[in-house]
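Have a look at the picture before reading on.

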Amino acid sequence: AKQQGRSQHRFYSPEINARLQERLTVENELRGALERGEMVVYYQPLIDLRSRQITAVEALVRWQHPTRGLISPAKFIPIAEDNGLIISIGEWVLRTACEQNRTWQLAGMAPIRMSVNLSARQFEKPNLVEIVKQILQETELSALYLELEVTESFLMGDVQRSITTLKQLRELGLWLALDDFGTGYSSLNYLNRFPVNMLKIDQSFVQNVTSNSDSAAVTDAIIALAKSLQLKITAEGVETQEQLEYLEQRGCHEGQGYYFGIPAPAEKITELLKLNSQQ
Ligand code: C2E
Ligand code: CA
Ligand code: CA
Ligand code: CA
């Protein structure tokens with residue numbers, strides 16, 4: 001009886017009700033947002049810590065809502081994952097990002113990798129490898145300049161199947177990165193069985209690396225692990241000179257974060273790439 005009372009209370013809570021309403025509204029408006037041209041891709045630079053050159057950009061989707069402004073992916077990606085819209089949104093982001101990278105190459109910029117996030121739903125689709133292959137062909141981008149980001153949490157669902165899919169993606173010639181590393185299952189047993197090229201240290205560690213000895217210890221351990229497995233290592237969420245110096249000293253290869261540049265529309269990145277190509 002007590003439990004029933006509690007769930008009733010929950011159901012009628014005005015706060016929860018408002019949140020449900022908000023979610024329903026987002027869900028309704030999200031349908032058709034892609035077709036109405038409301039999705040935009042921003043790009044954030046990844047910097048080689050030695051040469052200080054831009055070596056890659058990460059594609060990060062935003063929703064340019066007609067009245068509510070620019071909406072963060074944290075607000076709508078989880079919903080799109082639940083209702084399956086992430087399949088079409090994700091495919092559109094991949095095509096747009098590959099096209100953009102090809103456009104930069106044709107404009108004479110020094111070539112960089114384009115890194116694109118995959119969601120669990122996309123990864124589960126049996127035609128994923130075919131779609132990636134087709135988009136590379138359509139956009140005439142060499143697979144050498146595409147990187148896909150996956151997370152441990154969804155690789156751990158069906159490990160054997162994940163390994164097979166990752167291998168097939170690698171056979172296309174592209175790069176694979178394990179995103180948000182250190183936050184998930186920390187499946188160290190599986191790490192050397194997943195054929196990935198790089199680890200991205202989660203920003204929660206990077207942001208405390210100079211203020212908290214535990215974060216520093218975890219970061220050091222991840223860098224050492226990546227090196228022993230001969231994986232490239234990127235630090236996410238680099239915001240200060242001190243964090244940069246720490247990571248550089250430990251031999252981290254690449255950095256990404258507000259210190260180097262916030263995610264920005266393609267035109268803004270074009271300006272940075274022009275400077276990058278002159279050096
Ligand atoms: P993520 O893949 O871990 O991307 C990094 C997030 O950290 C981005 O947030 C980025 O703007 C933010 N960030 C970068 N540097 C800094 C920094 O120095 N400090 C802080 N505090 N944050 C920084 P964003 O763009 O809001 O994206 C959030 C998440 O949404 C992404 O996390 C990713 O999981 C998801 N997402 C974004 N675009 C896509 C997409 O096209 N497909 C899928 N499946 N997920 C996406
Ligand atoms: Ca990512
Ligand atoms: Ca990440
Ligand atoms: Ca994340």
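What follows covers the ground rules, the metal sites, some strands and a cavity.

## Ground rules

This is a predicted model, in which local features need pLDDT of at least 70 and side-chain atom pairs count only at pLDDT 80 or more, while totals for chains, interfaces and linings use all residues. Residues are numbered from 1 along each chain as its sequence is written, chains are lettered from A and ligands numbered from 1 in the order in which they are written, and side-chain values use heavy atoms, with hydrogens and water left out.

## The calcium ions

Let's start with the metals, where a donor is an N, O or S atom within 2.8 Å of the metal (3.2 Å for Na, K and Ca); water is not among the atoms, so sites may look incomplete. The calcium ion (ligand 2) is held by Glu58 (OE), Asn117 (OD1), Glu149 (OE) and Asp179 (OD), at 2.1 to 2.3 Å. Along the chain, those donors follow the spacing E-x58-N-x31-E-x29-D. Two of them tie distant parts of the chain together: Glu149 sits in strand E5 (residues 146-151) and Asp179 in strand E6, 30 residues apart. Strands (E, at least two residues) and helices (H or I, at least four) are DSSP runs, numbered from the N terminus.

Ligand 2 and ligand 3, both calcium ions, are 3.8 Å apart, and Asp179 coordinates both. Then there's the calcium ion (ligand 4), coordinated by Asp180 (OD) and Asp180 (OD) at 2.7 to 3.0 Å. Ligand 4 lies 5.8 Å from the calcium ion (ligand 2). Asp180 itself belongs to strand E6 (residues 175-181).

## Buried or exposed?

Buried means under 20% relative accessible area, exposed over 50%, and partly exposed in between (1.4 Å probe, protein chains only). Glu149 counts as buried because its relative accessible area is 1%. Asp179 has 8%, so Asp179 is buried too. Glu236 is also buried.

## Strands side by side

Two strands pair if DSSP finds at least two bridges between them. Strand E7 (residues 198-201) and strand E8 (residues 232-235) pair in the parallel sense over four bridges, with Lys200 opposite Thr234. E8 is also joined to strand E9 (residues 254-255) by two bridges, again running parallel, and there Ala235 faces Gly255.

Together, E8, helix H12 (residues 241-249) and E9 form a right-handed β-α-β unit. Right-handed means that, with the strands pointing away from the viewer, the path from the first strand over the helix to the second runs clockwise. In the loop between E9 and helix H13 (266-278) you'll find Gln256, which is buried, with a relative accessible area of 2%. Gln256 and Glu58 are 198 residues apart in sequence and 9.0 Å apart in space, C-alpha to C-alpha.

## A hole inside

A cavity is a set of points, on a 1 Å grid over the protein atoms alone, where a 1.4 Å probe fits but cannot get out; lining residues have an atom within 4 Å of a point. Grid points are joined across faces, edges and corners, and a volume is the space filled by probe spheres set on the points. There is one cavity of 30 Å³ or more, and the largest cavity holds about 90 Å³.

Who lines the largest cavity? Among them are Ile87, Leu94, Lys125 and Val132. Helix H4 (86-106) and helix H6 (128-139) each supply at least two lining residues, and H4 gives the largest share, four.

Definitions and conventions:
On a 1 Å grid over the protein atoms alone, a cavity is a set of points where a 1.4 Å probe fits but cannot get out, and a pocket is an open set with protein on both sides within 12 Å along at least five of seven lines; lining residues have an atom within 4 Å of a point.
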